[in-house]
Amino acid sequence: MQKLKLLIVDDHKSARQALVQKLSGEEDLEIKDVPASAPEALSEAMAKSPEIVLLDVKTRIGDGIGLCKKLVNYYPQSKILVFTSCISQNEQNRLNETGAEDILFKDLDIQELLTAIRALH
């Protein structure tokens, strides 16, 4: 079975660690990396060619919506799944315009997150 390559981008270390812990046990997923910043995310997307990028756009270290747009433009083979704690309607509209596949909130059950990830493949 070929594993689905997943890149997790979140500026909170504990959030990245929790996601890796929850998702790395799934037989059909391969966590490629967990960058904390936009430059790291772009570099890892280029190097690892993930099928899905799980992206927190509410970040202290850069413009998450701008990063989403760059990922969509530079790496169209990667589907962007926004995973965030809160977002305004204006931000949702901007993300929809960038080409993000879906917007999910961090209070989501892990099984619902897995379902959303797998639905993109």
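**Entry 1: helices side by side**

Before I note any angle: a helix axis here is a line fitted to the C-alpha atoms over the stretch in contact, and angles run from 0 to 180 degrees between N-to-C directions. I also keep in mind that this is a predicted model.

I started with α3 and α4. Their axes are 9 Å apart and the two helices pack at an angle of about 10 degrees. That makes α3 roughly parallel to α4, because angles under 35 degrees count as roughly parallel. I noted the crossing of α3 past α4 as right-handed.

Which residues of α3 and α4 meet? From α3 I wrote down I65, C68, K69 and V72, and from α4 E91, R94, L95 and T98. By class, I get four nonpolar residues, one polar and three charged in the contact of α3 with α4. The spacing reminded me of a general point: an α-helix has 3.6 residues a turn, so residues three or four places apart point the same way.

**Entry 2: the other side of α3**

Next I looked at α2 with helix α3, residues 64-74. The axes of these two come within 11 Å and cross at roughly 15 degrees. That again gives a roughly parallel pair, α2 with α3. I put this crossing down as right-handed too.

In this contact, A38, A41, L42 and A45 of α2 meet L67, K70, L71 and Y74 of α3. I sorted them: seven are nonpolar, none is polar and one is charged.

How much of α3 is tucked away? I listed G64, I65, G66, L67, C68, L71 and V72 as its buried residues. What covers them includes β1, α2, β3, β4 and α4.

**Entry 3: E91, a charged residue**

I went back to E91 from the first entry. E91 sits in helix α4, which spans residues 89-98. Is E91 buried or exposed? With a relative accessible area of 18%, E91 is buried, because the cut-off for buried is under 20%. Leaving out residues up to four places away in sequence, I find that E91 touches K58 and I65. I65 is itself on my list of buried residues in α3.

**Entry 4: the sheet**

Then I turned to the strands. What is their order in the sheet? I read β2-β1-β3-β4-β5, five strands in an open sheet with parallel pairing. The edges are β2 (29-33) and β5 (102-105), and each of these pairs on one side only. On average, and ignoring direction, neighbouring strands of this sheet are turned by 30 degrees against each other.

I checked two of the pairings. Strand β3, residues 52-55, and strand β4, residues 79-84, pair in the parallel sense over four bridges. For L55, I found V82 as the bridge partner in β4. β1 and β2 also pair in the parallel sense, over four bridges, and L6 stands opposite I31 in β2.

I was curious about β1. Five of its six residues are buried, so β1 is largely enclosed by the rest of the structure.

**Entry 5: helices on the sheet**

Which helices did I find against the strands? Helix α2, residues 38-48, lies across β1 (4-9) and β2, and runs at about 170 degrees to β1. Helix α5, residues 110-119, packs on the sheet and touches β1, β2, β3, β4 and β5. The direction of α5 makes about 160 degrees with that of β4.

**Entry 6: two loop residues**

I finished in the loops. S49 lies in the one between α2 and β3. Its phi is near 45 degrees, and I marked that as a positive value in a residue other than glycine. S49 is partly exposed, with a relative accessible area of 33%.

C86 is in the loop between β4 and α4. At 44% relative accessibility, I class C86 as partly exposed. Not counting residues up to four places away in sequence, C86 touches K58 and F105. K58 had already turned up in my notes as a contact of E91.

How far apart are C86 and P76 in space? C-alpha to C-alpha, I get 25 Å, for two residues that are 10 apart in sequence.

Notes. Residues are numbered from 1 along each chain as its sequence is written. This is a predicted model: local features need pLDDT of at least 70, side-chain atom pairs count only at pLDDT 80 or more; totals for chains, interfaces and linings use all residues. Side-chain values use heavy atoms; hydrogens and water are left out. Two strands pair if DSSP finds at least two bridges between them. Contact means heavy atoms within 4.5 Å. Angles under 35 degrees count as roughly parallel, over 145 as roughly antiparallel, 65 to 115 as roughly perpendicular and the rest as oblique. A crossing is left-handed if the near helix is turned anticlockwise from the far one by less than a right angle, and right-handed if clockwise. Ala, Val, Leu, Ile, Met, Phe, Trp, Tyr, Cys and Pro count as nonpolar, Asp, Glu, Lys and Arg as charged, and the others, Gly among them, as polar. Buried means under 20% relative accessible area, exposed over 50%, partly exposed in between (1.4 Å probe, protein chains only).
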